[in-house]
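This report walks through one protein chain, from its contacts and overall form down to single side chains. Please look over the structure first.

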Amino acid sequence: MEYQEFTRKAEKLLFSSEYDALQKALTIKKPNLWRILGVANRETRISRFLAWLLNPRANHTFGDLFLKEFLVQSLRADVGYKSILTPVEISLLDLSNALIKTEYTFPN
């Protein structure tokens with residue numbers, strides 16, 4: 001096989017939809033903790049775990065650290081949103097008495 005024929009066939013393979021699909025299938029995806037634990041479709045369990053983690057009075061010994069970081073990261077993710085508090089102000093707050101609920105029904 002000549003070099004030109006080889007490169008033509010190699011390019012055809014590299015630019016084929018089948019090769020693209022194979023590459024996507026073999027790409028390592030970010031691990032999903034909820035899938036690893038087998039609870040990806042169990043919203044109430046995930047909600048309870050997150051509520052425990054965000055609750056400053058829970059027995060994880062981190063106090064309000066996770067709640068503050070969650071709020072700060074939420075502000076970073078919502079680019080352009082005007083918040084009453086800045087990330088620095090949130091970091092300085094005492095959220096040790098914050099109440100965390102997993103579900104809340106708004107009155108009609």
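## Contacts and overall form

This is a predicted model. Of the contacts in the chain with a separation of 6 or more, 44% are between residues 24 or more positions apart.

The chain has 6 helices and 0 strands. Read from the N terminus, its elements run α-α-α-α-α-α. The C-alpha trace spans about 75 × 40 × 35 Å along its principal axes.

## Surface and burial

Of the 108 residues in the chain, 15% are buried. The chain exposes about 9,800 Å². Carbon and sulfur atoms supply 59% of that area.

One nonpolar surface patch is formed by M1, Y3 and F6. The patch covers about 440 Å². Y3 sits in helix 1, which covers residues 3-14. Is Y3 buried or exposed? Its relative accessibility is 64%, and the cut-off for exposed is over 50%, so Y3 counts as exposed.

## D64 in its loop

D64 lies in the loop between helix 4 (43-54) and helix 5 (65-77). Why does D64 count as buried? Its relative accessibility is 14%, and buried means under 20%, so D64 falls in that class.

Which residues does D64 contact, leaving aside its neighbours within four places in sequence? They are P56, L93, D94, L95 and S96.

## Aromatic pairs

How many aromatic pairs does a search of the whole structure find? The search finds 3. In one of them, the ring centres of F62 and F66 are 5.0 Å apart. Their planes meet at 85 degrees, so the pair is edge-to-face; the cut-off for that class is over 60 degrees.

Both partners of this pair are partly exposed. F62 has a relative accessible area of 43%. For F66 the value is 28%. Each value lies between the cut-offs of 20% and 50%, so neither residue counts as buried or exposed.

Ring pairs also link W34, F49 and W52 into a cluster.

Key: Residues are numbered from 1 along each chain as its sequence is written. This is a predicted model: local features need pLDDT of at least 70, side-chain atom pairs count only at pLDDT 80 or more; totals for chains, interfaces and linings use all residues. Side-chain values use heavy atoms; hydrogens and water are left out. Patches are made of residues with over 30% relative accessible area and no salt bridge: like charges are joined within 9 Å, nonpolar side chains (Val, Leu, Ile, Met, Phe, Trp, Tyr) within 5 Å. Accessible areas come from the Shrake-Rupley method with a 1.4 Å probe; for residues, only the protein chains shown count as cover. A salt bridge is a side-chain nitrogen of Lys or Arg within 4 Å of a carboxyl oxygen of Asp or Glu. Helices (H or I, at least four residues) and strands (E, at least two) are DSSP runs, numbered from the N terminus. Buried means under 20% relative accessible area, exposed over 50%, partly exposed in between (1.4 Å probe, protein chains only). Contact means heavy atoms within 4.5 Å. Rings of Phe, Tyr and Trp (its six-membered ring) pair if their centres lie within 6.5 Å; planes under 30 degrees apart count as stacked, over 60 as edge-to-face and the rest as tilted.
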